[in-house]
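Trainee: I am new to this structure. Can we go through it in short questions?

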Amino acid sequence: MSRVGHLLDWLPSPLGSILLLLLAAGIALLFSRVITDALPRLPGLRRIQFIHAIIARLRTTIRNFLIIIAASAALQATTGFTSSTMTFLEQAFLCLFILNLGFGIIKTFRLLTDQYLNRITAKEHTDDITARSHQTQIRVLRRLIEISFGVLTVASSLMVFHSVQKFGVSLFASAGAASLIVGLSARPALSNLIAGIQIAVTQPIRMEDMLILNGDWAWVEEINATYVVLRTWDRRRYIVPISYFLENPFQNWTHSSPSLIASLFLWLDYQTPVERLREIYFEELAKCPDWDQDKTSIGCQIADTNAQVISIRLIAGASDANGMWNLGCDIRERMLRRLRTEMPECLPRGRTAIVSGAPDQNPWPDTLVSPPVNRPQDGPYRGPDMSARPSVSPSAMMPGGS
């Protein structure tokens, strides 16, 4: 660099020093391009995917390293800068070196954790609770570590400058008032950071857990240091502060197991033969692809009755929330199709009594009584016995009639 500097002596001293720094940075940039482009093509490293991944992730960091080192070396050979300018440039290059080193470490750490997460996803089933627990812990703790290390890196790089060092000493001298002000102003952010640590340890929610929020089905898509991204079934996104899940009750349908039980109700007529209906239900359930084949979780029972209909509850197990919804819709369609074709008398019907007479007359006179029930010892019910109905003369329905 000294020889190159002598070649530029014919230029003004500051301009020659600047050109020398730019020349050193350009040579370092070309050299770094050769290294980052040629290294993955070496015969022994061509098939190692990790080498390709780390070079692709750290290509910019490596080039910045070489440029900073080359410029720092060239700075020692320059003679056109004043002592104060030299001191400032040395501090600036050191600051850039610390920043580049710190964020390079963060990139490497993120690459290693991504490789581990990809390995977990490839080995384990996506609904496995252990795999989702590892993903949650790694993602939350990684984000906290990156934020903490990033703050330390920026603070270390700025402490290189003497003016910042003096400001830091005065700040530490008034740490009591400063900590109170910072604590009050940053209370929401700090509470969310602490909540993120608690969620990573206790795990009330995990990656791809299915939650119920404001009546919507939502899956946990991202867990960041201060907020959680939830994906609804219609592809909307909820952005929720992470402290919400420690301060408010919510439903987690996949906390212990992704399997769920589908429940649906059919409102049918009182003439419905429940035993036959139960046989049809078991026949149709066996044809449903979303049923988890767990026979201990199925049922067909009369859940409720009122003056018009009876309520039949049908339950069956499914492997996950989507399967539960599809299973309920499938069973409902199959049961209604069988009822329409085989037992139409089971469908709900309204009953209306038509009574003849003038509008201003009492439609239910005292002499009108209900006919006896025609219920034989064996055989089906054939309706009321109209032959035994008492005869009522029209004059009996008139006021004052005999």
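Trainee: How many salt bridges does the structure hold?

Mentor: This is a predicted model, where local features need pLDDT of at least 70, side-chain atom pairs count only at pLDDT 80 or more, and totals for chains, interfaces and linings use all residues. Residues are numbered from 1 along each chain as its sequence is written, and side-chain values use heavy atoms, leaving out hydrogens and water. A salt bridge is a side-chain nitrogen of Lys or Arg within 4 Å of a carboxyl oxygen of Asp or Glu. The structure holds 20.

Trainee: How far apart are the closest N and O atoms of Glu 284 and Arg 338?

Mentor: Side chains of opposite charge can pair when their charged atoms come close. Glu 284 and Arg 338 form a salt bridge, with their closest N and O atoms 2.5 Å apart. Glu 284 lies in helix H10 and Arg 338 in helix H11, 54 residues apart; helices are DSSP runs (H or I, at least four residues), strands are E runs of at least two, and both are numbered from the N terminus. The distance asked for is 2.5 Å.

Trainee: Is Glu 284 buried or exposed?

Mentor: Buried means under 20% relative accessible area, exposed over 50%, partly exposed in between (1.4 Å probe, protein chains only). Glu 284 has a relative accessible area of 5%, so the residue is buried.

Trainee: Which residue forms a salt bridge with Arg 231?

Mentor: The closest N and O atoms of this pair are 3.3 Å apart. Arg 231 sits in strand E3 (residues 227–232), and its partner is in the loop between helix H8 (187–202) and strand E1 (210–213). That partner is Glu 208.
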